[in-house]
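This report concerns a structure given as sequence and coordinates.

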Amino acid sequence: MPTPLKLLYFAQLRETFGRSEELIEAPDQVSTVADLIQHLSQRGGIWQEQLGGDKAFRVAINQDMADLDAKLPSHAEVAIFKPVTGG
Amino acid sequence: MTKMAKPNQSPTRITVAVQHQDFDLQHEHKELVDKDRSIGAVVAFIGMVRDLNLADDVVALELEHYPGMTEKSLQQIAAQAAERWPLQAARIVHRVGKMHPGDQIVLVLTASPHRHDAYEANMFMMDFLKTKAPFWKKEWTNEGPRWIEARESDTSATDRWSTSS
């Protein structure tokens, strides 16, 4: 069963990817954050460049910070962004 | 339960705000102490927009956040501080949108019976805010805009709280 996910991008990644959000149907083999990142990297170009190499980024699932091995619940809101710089 | 309850230990009043408009320290302070006569110390930290960063003139600063998660994150940071130090109240106000050198960006207020707790809790909250709360800064210089990169020194500032008692 594909997993429906709502992806959000903020700040630098929002500008680089040219979108603030998108709805995707993640394929069967995508069950963790790491799987999702790999799936998005396979889009190539800027996606590979930002998510497929050694560039730092952070992921939140349903508005809580998540590790790469965290499971993706169906219909989750998954945000991807650069390390934060507030204050 | 009456024997177990800690005496005079009421829950910390925690409030957070993410807003475009400026804040007023005097007003915020008055709201915070709110006739609570057990408060002996209030520490206020205000972060300001600097006009110089990485040797370039900064003409404006733009702050972006993650509506919903940012507020939740600030609330959690204040709650963590309240677990470590006896605080009567904690308040975080963080501005978003476009700001200019000399403008206030962030306010952290901590109220405690004694000053050391208020100081430490305040530093803890700022250190965590800088590395955990979803905000991103974009700097406008005469060359154009650029996103600010996260700094390693901010991460070490957060890490020191996990080793100290």
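In chain B, strand β7 (residues 104-112) contains A111(B); helices (H or I, at least four residues) and strands (E, at least two) are DSSP runs, numbered from the N terminus. The model is predicted: local features require pLDDT of at least 70 and side-chain atom pairs count only at pLDDT 80 or more, while totals for chains, interfaces and linings use all residues. Residues are numbered from 1 along each chain as its sequence is written, and chains are lettered from A and ligands numbered from 1 in the order in which they are written.

A111(B) counts as buried because it has 27 C-beta neighbours inside 10 Å. A residue is termed buried if 20 or more other C-beta atoms lie within 10 Å of its own, exposed if 12 or fewer, and partly exposed in between, with C-beta atoms placed from the backbone. Leaving aside residues up to four places away in sequence, A111(B) touches L32(B), V33(B), I39(B), V42(B), L87(B), Q88(B), A89(B) and A118(B). Such a contact requires C-beta atoms, placed from the backbone, to lie within 7 Å. A separation of 12 Å lies between the C-alpha atoms of A111(B) and T15(B), which are 96 residues apart along the chain.

## The sheet of chain A

In chain A, 5 strands make up an open sheet of mixed pairing, ordered β2-β1-β5-β3-β4; two strands pair if DSSP finds at least two bridges between them. Its edge strands, each pairing on one side only, are β2 (21-26) and β4 (64-66) of chain A.

Strand β5(A) is largely enclosed by the rest of the structure, because 4 of its 5 residues are buried. Strand β1 (residues 3-9) of chain A runs parallel to β5(A), joined to it by 4 bridges, and K6(A) has E77(A) as its bridge partner in β5(A). Strand β3 (residues 58-61) of chain A pairs with β5(A) in the antiparallel sense, also over 4 bridges; here A60(A) is partnered by A79(A). Strands β3(A) and β4(A) run antiparallel and are joined by 3 bridges, with I61(A) opposite D64(A) of β4(A).

## Contact between the chains

Chain A contributes 13 residues to the contact and chain B contributes 21 residues. On the side of chain A that touches chain B, α1 (11-17) and β5 (77-81) of chain A each supply at least two residues.

Definitions and conventions
Two residues are in contact if their C-beta atoms, placed from the backbone, lie within 7 Å.
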